[in-house]
Amino acid sequence: MCGIVGYIGHREAYPIIIKGLKRLEYRGYDSAGIALYDGADIKLSKTKGKVDDLEKRIASEISTTGSLGIGHTRWATHGIPNDINSHPHYSNSGDLVIIHNGIIENYEALKKELIQRGYSFKSDTDTEVLINLIEDIKKNENIKLGKAVQIALNQVIGAYAIAVFDKNKPNEIVVAKLGSPLAIGVGEDEFFIASDASPFIEYTKNAIYLEDEEIAVIRRHKDIKIRKIQDDSLVNPYVQELQMNLEEIEKGGYDHFMLKEIYEQPHAIKDTYRGRLLANKGIIKMAGIDDNIEKFQNASRIIVVACGTSWHAGLVAEYIFEDLARIPVEVEYASEFRYRNPVIHENDVVIAISQSGETADTLAAIKLAKSKGAFVFGVCNVVGSTIARETHAGAYTHAGPEIGVASTKAFTTQITVLTLIALKLAKAKGTISNEDYRLHLNELALIPEKVLEALKHDEHIKHIASIYKDAKNCLYLGRGFNFPVALEGALKLKEISYIHAEGYPAAEMKHGPIALIDENMPIIVIAPKKGHYEKVVSNIEEIKARQGKIIAVVTKGDTSVTNLADHTIEVPETLESLSPLVTTIPLQLLSYHIAVMLEKNVDQPRNLAKSVTVE
Ligand code: F6R
């Protein structure tokens, strides 16, 4: 995790870096810091807290002039979040300064050696070890900074995206990457460095994404030299043109990114199927599937690997793939899969789902599956992300940047992509009738409108939120396709409001959770008309008999559940297999409003980060 930003060129670096850090706060926000070269010396300021806190501190601490600088927003791994552990870190001489996203696993051994050689350390971080290792090599071998960084990185085990500069050579920044992302924006006589392109999108649309094990020396008024860290071979920089625009990464009048992203879903889902779903022609076009159709058709099973919300989308996919395409599916937490010596065959297809495309556990699971000969297909949102590049083929969700830490539009667009794949395979395998296939295509095309309709109940949901905002616990129940929606609803509430919540298959309630139910327990039941409706009604009766408070998500026009529940929230009717795309909307809004009413930081919940690039 952590976000890094840097600038070298003809403008003032400070405003670019501060704005960039704010855009990268989704990657971590427990501390922040900046180092600027003001023409004579390094000016460094850092603090525990958010970028806003850093700005306040800088105002009374340092001058902000200079056209070279680096900045960091942290999600702590080694060393608690405090001022000293914040980045940037100086080397012992004070000549070099570094920012780092990642983990140096062998830092303790390296630190011991450096201490023996007379180095001392102020912080508990692995990063301060790395900058002193670089300094040690540079001094001992009397070599340039780039070379010293390269030699140091060859001694390092772990993951990193780093930026380093030397106050005695204030016309260059050295950057390198392994495992953590690093983009270089290439402007007119200026360069930007960042964990993703959002900090520099208004300055340039030309970007170079460093590959793993590459180091780049970026020189003012000159060029970029990229080399492979291990064998020193020169790499031809590949400059790509970015499609992203500025509005996509700003709040656009909404109070929070999360709310904006919830409201973007009709549009985002349309963008996901645009050009792929040709409902009136009865065709689904997906190059990644078309080119590999045999792999999917001959697959003995599909293994889904993912984490968090993406894992929940994988669970929905399990129901859809098995129901429509009759392919056995296993859904695995990537973090478990990678360490449990799983049985993987060459005719398994692994689908890795990840919004960010950077999740360390998912990436490791992909590498494992590939090493066993499986075909790996990625479903990612961030274009050009590591997972998108590591997989054999894939399909982007095209949801646009998701900045709020709690995933919303990523979930529904992932389900949209996975549904398209399942329908395509069902058609290819002949496991779906023509009529049913056309019905699914037509219904899928209508989902954006139905999501829009579901969003219209926002005020009513806000009212329900005001009644239950002080609950200490919540239970979410759903069956079939809507069981994963219950898990996702509970996760949304937990992560942004810090209220304890559990998701359960409704029938499992009797096997334990029912003991929790009393008049203080709100229970959110997802009870659309299609899919085990009668059974869910019975579950609701059981809750009612124990005085639990029932908030039910029902199909428009419902009466049976409505008569029993304390509150109902209507969603439009759709096919059972597509219902998660609409039933999840009220749950997102409910969590959002509760968190806002509790005055929590909705977009940046405590202890979390958007992109989990450490295991
Ligand atoms: C929850 C959430 C996380 C992510 C998880 C995986 O709202 O955002 O649970 O879903 O960290 O992230 P990606 O999809 O980027 O691999």
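Helix α15 (residues 434–455) comprises 22 residues and spans 32 Å from first to last C-alpha, close to the 32 Å expected at 1.5 Å a residue; the expected span is 1.5 Å times one less than the number of residues. Helices (H or I, at least four residues) and strands (E, at least two) are DSSP runs numbered from the N terminus. The model is predicted: local features need pLDDT of at least 70, side-chain atom pairs count only at pLDDT 80 or more, and totals for chains, interfaces and linings use all residues. Residues are numbered from 1 along each chain as its sequence is written, and side-chain values use heavy atoms, with hydrogens and water left out.

At I447, α15 bends by about 40 degrees, and the proline P448 follows within four residues; the bend is the angle between axes fitted to the seven residues ending at a position and the seven starting there.

An open sheet of 5 strands has the order β19-β18-β20-β21-β22 with parallel pairing, where a pair requires at least two DSSP bridges. β19 (329–333) and β22 (393–396) are at the edges with a single partner strand each, so one side of each lacks a neighbour in the sheet. Strand β21 (residues 375–380) is joined to β22 by 4 bridges, and F377 stands opposite A393 in β22.

Helix α10 (residues 308–325) lies across β18 (301–306), β19 and β20 (348–354), at about 175 degrees to β19. Helix α12 (residues 360–371) touches β18, β20 and β21, its direction making about 165 degrees with that of β20. Contact means heavy atoms within 4.5 Å; angles run from 0 to 180 degrees between N-to-C directions of axes fitted to C-alpha atoms, for helices over the stretch in contact.
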